[in-house]
Amino acid sequence: MDAILKLEGIGKMFGGNYVLKDVSLEIGRGEVHAVIGENGAGKSTLMKIIGGIYEPNEGVIRKNGEKILLHNAIEAYKQGIGIVHQELSVADNLTIAENIFAGRQPVNRFGFVREKQMCEDAGKILGEMGIRLDPREKVGNLSVAMQQIIEIAKVVSHRIDVLILDEPTSSLSNKEIAHLFELVRRLCREQGMTVIFISHKLDEVMAISDRVSVLRNGNFIGTLSGEEITASRMIHMMVGDQLDSRSFLAPKTPEGEVILRAEGLCREGKFRDVSFALQKNRILGIFGLIGAGRTESILSLIGADRLDSGRVTYEGREIRLSSPKEAIAKGIVYLTENRRDLGLFLPKEISDNVIAASLGAFTTKRHTVDRKKAGEAVEGYIQKLKIQPPVMDKPAGTYSGGNQQKILFSKVLLTDPKVLIVDEPTKGVDIGVKMTIHHMLRDLADSGIAVLLISSELPEILKLSDRVLVMHEGECRGLLENRDLTEREVMAAVYGEKEVQQ
Amino acid sequence: MEEQKKKLHVSGRILTLSVTIVVCVAVMSFLKPETFFTVSNLGSSLTTVTFNLILACGMTVVLMLGCVDLSVGPIVAFTSVVVAKLLQGGAPIVPAILAGLLIGSGIGALNGTLVGYGGLAPFVATLGTQSVFRGLSYVLTSGYSVTGLPEGFSKIGQGTLWGISNLILIAALVAAVLALLVPRLAFFKRVYLVGTSRSVAFMSGINSNLILIAGYTLSGFLAGLSGILMASRYAMGNAGFAVGYETQAIAAAVIGGAVMAGGEGSILGTVLGVLLVAVVNNSFIQFGGNAEWQTAISGIMLVFTLFIDVMRTRKAKRKGLI
Amino acid sequence: MRQKMSSLKNRILCRLDIQASAVVLLIVVISIAMSFVYDGFLSAYNIKAMLMSYVPEGIIALGLTLVIISGGIDLSVAGVMPFTAIVYCMLMKAGVHYLPGMAIVLAAAAAIGAVNNFLRRLLDVHPFIITMAVQLTLKGFNLVVTGAGSISGLPENFMEISQVRILGLKIPLVVFLLLAALWMVLLAKNRFFRKVYFVGGNPKAAELCGINVNRVMYFVFIQSAVLAAVAGIMAVFNYQAANYSYGSNLDTRAITAVVVGGTSMTRGGIGKIGGTIIGLVFIALVYNSFLLSGINTYYQDVITGAFLIGAVLIGERIKYRGKPGKKEDKS
């Protein structure tokens with residue numbers, strides 16, 4: 001095979017953890033190559049390495065057989081590699097032509113931009129890509145799909161032969177996706193472009209890719225080509241055979257009544273028609289990949305974000321939560337997946353963090369903080385959850401990921417919740433603490449709390465959930481009872497596959 | 001254990017500051033024995049210190065919130081003018097004073113609302129209110145002082161109790177009350193948290209907007225108090241009072257431990273900060289600099305304190321705390 | 001998920017044009033109203049007088065437009081302006097010819113601008129506090145050097161040249177008009193100036209496009225200080241003297257002109273010189289109307305502050321659909 005790019009033993013570490021280990025794969029010249037995998041598989045990191053944004057700690061990249069070293073995006077351009085990120089970086093107050101030629105507009109001797117020339121050049125580029133847009137149009141007036149096309153045009157105009165697209169279709173409609181694919185095919189056909197793209201949408205991957213590479217947990221699993229590319233095979237490679245890690249933690253108490261019910265929750269652009277029922281003494285798992293809308297729907301439910309429409313019923317009464325404060329007061333508490341930005345006061349000591357959501361309970365009649373009572377409560381949790389090191393006054397930011405998560409749990413449990421919503425509770429947490437948290441969640445459910453578990457780790461979902469709500473692209477794709485549920489069945493529900501064969 | 005550590009932690013800076021001040025005073029007394037360590041010199045500089053102290057305490061709270069209040073100087077001036085006018089017009093003293101406190105608090109609440117609910121950046125909001133209320137002060141007075149205030153009123157600012165100027169006592173009282181309340185009240189705990197991270201505070205169920213308004217209102221209240229005291233001390237209301245006082249307040253608070261990013265601040269530290277700034281200012285005057293230098297010194301000290309601030313923040317960043 | 005982002009952006013863009021258009025409309029309405037009440041309101045004489053009094057704000061606002069587009073702010077201009085006026089006078093009185101004297105103070109201002117950005121990068125704090133500290137330091141210097149008075153008694157050759165009129169207009173006004181035209185053209189057309197928009201909109205993306213963000217920021221702060229120096233020099237041309245109190249509250253007025261004209265303080269990368277000029281004209285018009293109506297001139301600062309807050313608030317309202325203060329929009 002005529003490989004334009006060869007990755008040999010690529011390894012990348014962040015903060016002591018390998019996010020990519022020994023990844024070796026080949027990209028054929030002029031082909032459309034998809035890279036797929038679950039959340040956290042390392043796809044985006046790999047793309048950023050190829051695109052020059054990150055440097056690998058180990059391994060070598062070869063283009064056309066020659067080793068290349070990329071320190072930034074500009075050097076990547078020089079090597080003919082361009083990357084279009086998931087987060088668009090267009091200047092929407094400027095014109096298409098200006099965006100395409102940002103920083104390198106054609107100029108006359110005064111340094112003045114030659115508008116006519118620039119527009120002509122932009123027009124030529126757009127024409128080559130089959131895009132019918134006026135280069136003088138302001139980018140801000142365009143739809144997101146068109147903005148993305150413009151960004152692709154910008155990247156392509158750097159005379160590249162390898163184009164990387166990071167999740168290009170996550171915010172596009174079907175029609176826009178078709179348009180994008182047509183563009184991609186045209187680039188390959190007429191300019192001999194090699195296109196690498198990341199996607200979660202297996203049907204798209206099947207529609208357009210010549211070959212598909214699969215990553216799992218930072219490792220390269222394999223590449224499928226041509227007729228080998230089937231949904232079942234891809235799913236199998238993404239999740240692997242992990243029947244042994246299931247060991248379902250069964251509930252020990254009978255199912256309670258429905259305490260929280262959501263019906264038809266909608267927020268324009270984020271999620272649509274989300275409905276579920278949450279029982280006491282039970283764990284409802286919400287599974288989905290990035291962009292599925294799980295966290296967004298919960299944030300809207302608890303009042304941290306806008307909710308356009310839908311009904312929320314709590315303890316039999318319809319409610320509309322206007323802020324997390326109101327939610328906590330009612331007994332609905334949310335443990336965020338974003339510890340650093342939304343969960344912890346990093347420079348503040350543990351005790352401040354743990355009592356932060358329950359200050360009212362620790363305020364004396366004289367409006368002072370009841371230090372003794374607070375101290376006892378915090379001490380209690382430090383003991384119970386075995387927070388290391390067991391002191392009260394170290395800043396939360398100095399603790400390990402696992403212990404930070406324990407601090408968050410303490411904070412959340414201290415509010416004495418009736419509904420506990422945990423979002424990716426074991427992200428960035430080591431195995432030992434993971435086990436502890438899993439058992440704790442089941443115990444909490446058994447004690448009468450209704451637990452909502454949002455996770456993109458399928459084994460975790462299957463281990464803990466009594467029922468699994470599957471979400472994809474902002475919609476609910478199915479509600480499954482966990483009776484010997486397999487990972488393949490869940491993934492199939494995500495993608496809407498009726499049958500998943502070997 | 002938590003309290004012990006806190007005392008130690010604070011003591012580090014408090015100790016350094018106290019030592020620095022003592023050293024400066026000692027050096028100055030040695031170099032300029034006749035002029036520095038005299039009752040009149042210390043007395044007069046202590047007078048201006050009192051206003052700065054009260055303002056700096058308010059600024060500390062605002063900085064704890066991660067914000068800034070550029071309008072404190074104008075609030076002082078505006079309050080002094082309004083109160084003076086009320087008294088000049090025959091209003092009884094107590095209601096006039098209450099009106100002044102109310103005005104200061106009101107302007108503070110306005111600031112807080114603009115920053116919280118309005119979503120304005122603190123410096124923009126207070127830059128605007130600074131202009132408005134300085135302007136209104138001049139509108140009300142056309143540049144003239146408002147005089148003819150009743151003796152009973154000026155006695156407050158000019159009198160002494162047990163040999164110590166009333167002003168010093170009042171400022172000390174304010175500082176002492178705040179120094180006691182800030183580490184203890186649940187409200188201030190929330191202030192620290194909101195200042196550390198508004199989003200985390202929001203997710204933890206704290207009403208960040210209300211806390212912002214409350215913090216700014218306190219700052220405004222204290223500025224109003226300063227205005228009343230200044231009017232009393234100088235027996236006049238003047239639109240030109242307190243020009244540049246906000247920078248001195250910020251500098252003092254940052255020296256005392258507050259950071260621009262928010263979440264930190266100590267009243268005791270601020271008191272020492274005010275004293276240090278006063279000593280430095282006075283030293284300059286001793287060496288022949290005129291009072292006009294104060295403004296320049298404020299600016300330089302501010303940059304200097306920002307160095308301190310960035311060193312602190314960098315250390316925290318390196319530890320992964322921010 | 002699809003149209004939402006684009007419709008929001010649309011709205012913001014419309015607001016830009018709407019804001020500038022609304023202000024123009026207000027200008028027209030007020031002008032017409034005032035011309036009915038006061039004869040000669042729209043006379044060349046009155047218009048010249050109106051604009052003349054806001055030349056310093058105007059020149060400074062040009063520089064501030066770039067600073068605000070880039071996402072920063074520069075409060076030091078209120079100190080640089082009187083500083084340059086004073087130093088310029090001192091130089092001339094010491095025998096320096098008025099032309100090299102200009103070059104010297106302009107260079108000094110450029111240095112101050114560079115220091116502003118240097119400190120901003122070093123101390124990693126919001127530029128407002130840095131530039132505020134610089135402003136105060138300069139003001140202190142001004143106060144000390146002038147002894148709270150004026151510096152006058154400038155050499156003959158300067159006195160002569162400062163009275164020169166071009167096309168019946170005083171030099172400061174001519175300089176402002178030229179600079180305004182120049183900045184407008186440069187910001188609209190010059191490739192380097194255009195980079196300020198990218199840096200203000202998305203510094204990381206700008207870096208990815210190969211733009212040297214550091215160089216752009218130094219330029220932004222230097223040009224702001226230099227323009228403030230020009231304003232200072234022009235003040236000397238106008239008054240044939242320098243006073244430490246020049247430029248009091250000048251920064252706030254200039255910022256208000258910029259913001260009223262449509263440049264956004266909250267969203268970088270948006271703004272135009274044309275808008276700033278419209279904002280400036282509007283403010284000059286309002287002040288002048290107040291003046292003529294016999295309203296206390298001291299109201300100037302009050303209106304400035306009110307307009308500043310009002311203009312930013314209106315911008316914020318349109319930016320955040322619904323309540324501001326709820327910042328969760330991720331994950």
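## Exercises on a predicted model

The secondary structure of chain C in this predicted model comprises 14 helices and 4 strands.

**Exercise 1.** Work out how the radius of gyration of chain C compares with the value that the globule rule gives for 331 residues.

*Solution.* Begin with the radius of gyration of chain C, which is 20 Å. The globule rule gives 20 Å for 331 residues, and the two values are close, so chain C is as compact as a globular protein of that length. Then take the principal axes, along which the C-alpha atoms of chain C fill a box of roughly 70 × 55 × 35 Å. Turning to the residues themselves, buried ones account for 52% of the 331 in chain C. Finally, consider the contacts in chain C between residues at least 6 apart in sequence, of which 79% join residues at least 24 apart.

**Exercise 2.** Describe how chain A is divided into domains, and state how far apart their C-alpha centres lie.

*Solution.* Domain 1 of chain A covers 3-243, whereas domain 2 is written in two pieces, 244-331 and 448-502. The C-alpha centres of these domains of chain A are 33 Å apart.

**Exercise 3.** Locate the cis peptide bond between A:Gln388 and A:Pro389, and then examine the positive phi of A:Asp416 and of C:Asp124.

*Solution.* As background, most residues other than glycine have a negative phi, and most peptide bonds are trans. The bond joining A:Gln388 and A:Pro389 is cis, with omega at about -5 degrees, and A:Pro389 is found in the loop between α13 (371-385) and α14 (401-414) of chain A.

Next, A:Asp416 is not a glycine, yet its phi is positive, at about 55 degrees; this residue is placed in the loop between α14 and β17 (419-423) of chain A. A:Asp416 has 12 C-beta neighbours inside 10 Å and therefore counts as exposed.

Lastly, C:Asp124 also has a positive phi of about 55 degrees without being a glycine, and its place is the loop between α5 (98-123) and α6 (127-146) of chain C. Because C:Asp124 has 15 C-beta neighbours inside 10 Å, it counts as partly exposed.

How values were computed: Residues are numbered from 1 along each chain as its sequence is written. Chains are lettered from A and ligands numbered from 1 in the order in which they are written. This is a predicted model: local features need pLDDT of at least 70, side-chain atom pairs count only at pLDDT 80 or more; totals for chains, interfaces and linings use all residues. Helices (H or I, at least four residues) and strands (E, at least two) are DSSP runs, numbered from the N terminus. The radius of gyration is taken over C-alpha atoms; the globule rule is 2.2 Å times the number of residues to the power 0.38. A residue is buried if 20 or more other C-beta atoms lie within 10 Å of its own, exposed if 12 or fewer, and partly exposed in between; C-beta atoms are placed from the backbone. Two residues are in contact if their C-beta atoms, placed from the backbone, lie within 7 Å. Domain bounds come from an automatic or database domain assignment.
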